[in-house]
Amino acid sequence: MPVYRDEAVVLRTFPLGEADRIVILLTKKHGKVRAVAKGVRRLKSRFGGRLEPLMRVDVLLAQGKSLDVVSQAVSVAAYAGEICADYTLYEYASVILEVVDALVSNEYTDEYVREFQDTQGQYNLLIAALSSLAKRKHAPDAIGLSYVLRAMSLAGWSPRLTTCVVCGKTEELCYISPAAGGVMCALDHTPESILCDDNTRLQLYALAQGDWPSLDNVSLAFSTLYLIQQWAEYYLERPIRSLGLLHS
């Protein structure tokens, strides 16, 4: 059974049998991995609390047919402690984990020869966002929503926010259409486009660029959250439940 080692962030876990757990990992070099951690739910487990969501670990994995097997896990950074102690941080961390889980596939073309998706860019962005949340570098909503737009951009779905996607006009950009790929002017907007005022559009642009000087000490508009949710759900072709919970 081939063995490989990588750094990873735990995205999700599921119980398996009486003592095991399935762990979904985003690794630095091997894409998204589904693995079983044997005996992890026992009190005397050698893994301890290292294989929980929001933990960054150095893992040794044995390749299996449908599930890999965690042989060793060493903690690199424990984001969970700081984030789970604050409900707002946890809300936006949940958004981050759900979005990256939806963005990255763990499908393999062959049972024995793996062609892992290149996710190093996504991995680096993920750990930067989680570290910023844990250290409270910026407002939690700014970190979480900026992450969503930047992760979508890395996947090839970057919104056009400075010129109309139809005519290239730079004025009266008061609509946005996920289907069309960005903002539209008042004259050329399509029926399914959504109203987007200048303040919201500028906030979207700052979030997409990671422009923290423009975002710090600014309250994000509800319309900004709504449009990011619409953008992500359109391209991921699925609801982002954690984003929907932010509305409630």
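How many salt bridges does a search of the whole structure find? In this predicted model, the search gives 9 salt bridges.

R136 and E82 meet through their side chains in a salt bridge, with an N to O distance of 3.5 Å. R136 belongs to the loop between α3 (120-135) and α4 (140-154), whereas E82 is part of helix α1 (residues 79-84), so this pair ties together parts that are 54 residues apart in sequence. R136 is partly exposed, at a relative accessible area of 42%, and E82 is also partly exposed, at 42%.

A salt bridge also links E172 with K169, whose closest N and O atoms are 3.5 Å apart. Here E172 counts as exposed, with 52% relative accessibility, while K169 is partly exposed, with a relative accessible area of 31%.

In the salt bridge between R201 and D198, the closest N and O atoms lie 3.6 Å apart. Both residues are in helix α5 (residues 198-209), separated by 3 residues, or about one turn of the helix. R201 is buried, at 13% relative accessible area, but D198 counts as partly exposed, at 47% relative accessibility.

The largest cavity has a volume of about 40 Å³. Its lining is made up of L149, P159, L161, I176, L204, L227, I228 and W231. By class, this lining has 8 nonpolar residues, with no polar and no charged ones. Helix α7 (residues 222-236) gives the most to the lining, with 3 residues.

Note on methods
Residues are numbered from 1 along each chain as its sequence is written. This is a predicted model: local features need pLDDT of at least 70, side-chain atom pairs count only at pLDDT 80 or more; totals for chains, interfaces and linings use all residues. Side-chain values use heavy atoms; hydrogens and water are left out. On a 1 Å grid over the protein atoms alone, a cavity is a set of points where a 1.4 Å probe fits but cannot get out, and a pocket is an open set with protein on both sides within 12 Å along at least five of seven lines; lining residues have an atom within 4 Å of a point. Grid points are joined across faces, edges and corners, and a volume is the space filled by probe spheres set on the points. Helices (H or I, at least four residues) and strands (E, at least two) are DSSP runs, numbered from the N terminus. Ala, Val, Leu, Ile, Met, Phe, Trp, Tyr, Cys and Pro count as nonpolar, Asp, Glu, Lys and Arg as charged, and the others, Gly among them, as polar. A salt bridge is a side-chain nitrogen of Lys or Arg within 4 Å of a carboxyl oxygen of Asp or Glu. Buried means under 20% relative accessible area, exposed over 50%, partly exposed in between (1.4 Å probe, protein chains only).
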